[in-house]
Amino acid sequence: MSNNGLLKSSLAKKYMMALTGLFLCTFLIGHLAGNLQLFITGTEGQEAFNKYAEFMTTFPLVKLLSYLTYACVLFHIVDGILLTVRNRKSRPVGYVKEKGSANSSWASRNMGVLGTIIAVFLVSHMQTFWYKMHFGDMPMHDGLKDLHTVVLAFFSPENPLALIAVAGYVLAQMALSFHLVHGFQSGFQSLGVRHPKYTPAIEKTGYLFGVGVPLLFAIIPVFLYVTQL
Amino acid sequence: MDLTLNIWRQKGPDDKGHIEKYPVSGVSPDMSFLEMMDMLNDRIIREGGDPVAFDHDCREGICGMCSMFINGQAHGPNRGVTTCQLHMRSFKDGDDITIEPWRAAAFPVVKDLTVNRSAFDRIIQSGGYVSVNTSGETLDANAIPVPKPQADEAFSAATCIGCGACVASCKNASAMLFVSAKVSQFALLPQGQPERALRVKRMVEQMDEEGFGNCTNTGACSVECPKGIDLTNIARMNRDFLKSSVDS
């Protein structure tokens, strides 16, 4: 039995799921820190946000981290699909009556569905901002790509699709919230990090993170829409 | 009590199987669930029918043979009990009760509510033991000091009776609670150390080979486990497996 056994094993897929997932949690913090600058109004906010966007797309270390992030997203999705396929095969005939709510949380039983919603959101989200910032035709401001104006215009009531976009954004953040509330503490469990002393703290942190981060993300488009009415 | 039972009937492994309705009356609230099943079978036999096949042995909640999925839950609605320790007072007069076999690719149905759980035996055979010299010079068990907290934890892992409720309850039909309990009961004791790394590797490999699903940490297994085996055991197995894979 060699190390090869580790790569083939079901547990290896769990470790990968946990490591990529927890890394993506740290990515969310970085992303949120930037987004929060959208609360700063006027040219001051515009400059701060554009500088942040410039830094995120050009600074070498951040660029390296961004490639790691893309890889983690892909791994997390592919690994998740592989695990789901295997899990479905493990119960070819289902129950006539099954009471999952009696023994487990809704989020924990629907991580695949929640992940799919997040993935769909991610495609639309990256097309709207990431693709435009990297490869699209961007307006300029003070010699920097003016992502601030693009974001504000997208969530402005003048955009006929803005209301749908805001609703979709909030919905996706709700899915992310459920996904994180289970996923955060689940990642630690998969890696074998569990102890009566510190597991309650991990669970509490996961809950706060899973509710707090998506909530802050979701407030921003609502704020941008309302303030531009 | 008058009840309506919806029971999974399946003639054999290759039969498609179906749910059949059985109205039963005169059930005493003091009967155990299995006694109620005995009563039904007695009637079916008198009527010249084929009795419902189900597993059972000690009827004291310690052998791990009984295995019914009752109203959507392994061993029925109560916590910390096997089906044989479930009593009809946990139901109401007029209730509809759906009874199904454990569902997992690794637990094929033999007949009706009886499933083949040999996959668990093969996992144990792959490493769930401590190799000892039985030449007649066996050491006295008390010669090896074991701290009380470790002894208690090992014992609580060892209370797993291998009934398979964890697999049946898991939405992925994962056997990780069972395997981790069997890994832990040795991993926590000095006697289990020499084979610790090899044991966890072999048992996890066998678990995968049997076709059990992956753990998604829903925690359903531990909630439905009649012995209350804790998720800490799964974390310990995850840790040990990672360590053994990196070490060797």
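Q: What makes up the two domains of chain B?
A: Domain 1 covers 3–111 and domain 2 covers 117–132 + 140–247; the bounds come from an automatic or database domain assignment. This is a predicted model, in which local features need pLDDT of at least 70, side-chain atom pairs count only at pLDDT 80 or more, and totals for chains, interfaces and linings use all residues. Residues are numbered from 1 along each chain as its sequence is written, while chains are lettered from A and ligands numbered from 1 in the order in which they are written.

Q: Why are α6(A) and α8(A) called oblique to each other?
A: The axes of helix α6 (residues 111–135) and helix α8 (residues 162–190) of chain A cross at roughly 140° and come within 9 Å. Axes are lines fitted to C-alpha atoms, for helices over the stretch in contact, and angles run from 0 to 180 degrees between N-to-C directions. Helices are DSSP runs (H or I, at least four residues), numbered from the N terminus. Under 35 degrees counts as roughly parallel, over 145 as roughly antiparallel, 65 to 115 as roughly perpendicular and the rest as oblique. The pair is therefore oblique.

Q: Why does F223(A) count as partly exposed?
A: F223(A), in helix α9 (residues 199–227) of chain A, has 15 C-beta neighbours inside 10 Å. Buried requires 20 or more other C-beta atoms within 10 Å, exposed 12 or fewer, and partly exposed lies in between, with C-beta atoms placed from the backbone. F223(A) is therefore partly exposed.

Q: How far apart are F223(A) and G94(A) in space?
A: They are 45 Å apart, C-alpha to C-alpha, and 129 residues apart in sequence.

Conventions. Helices (H or I, at least four residues) and strands (E, at least two) are DSSP runs, numbered from the N terminus.
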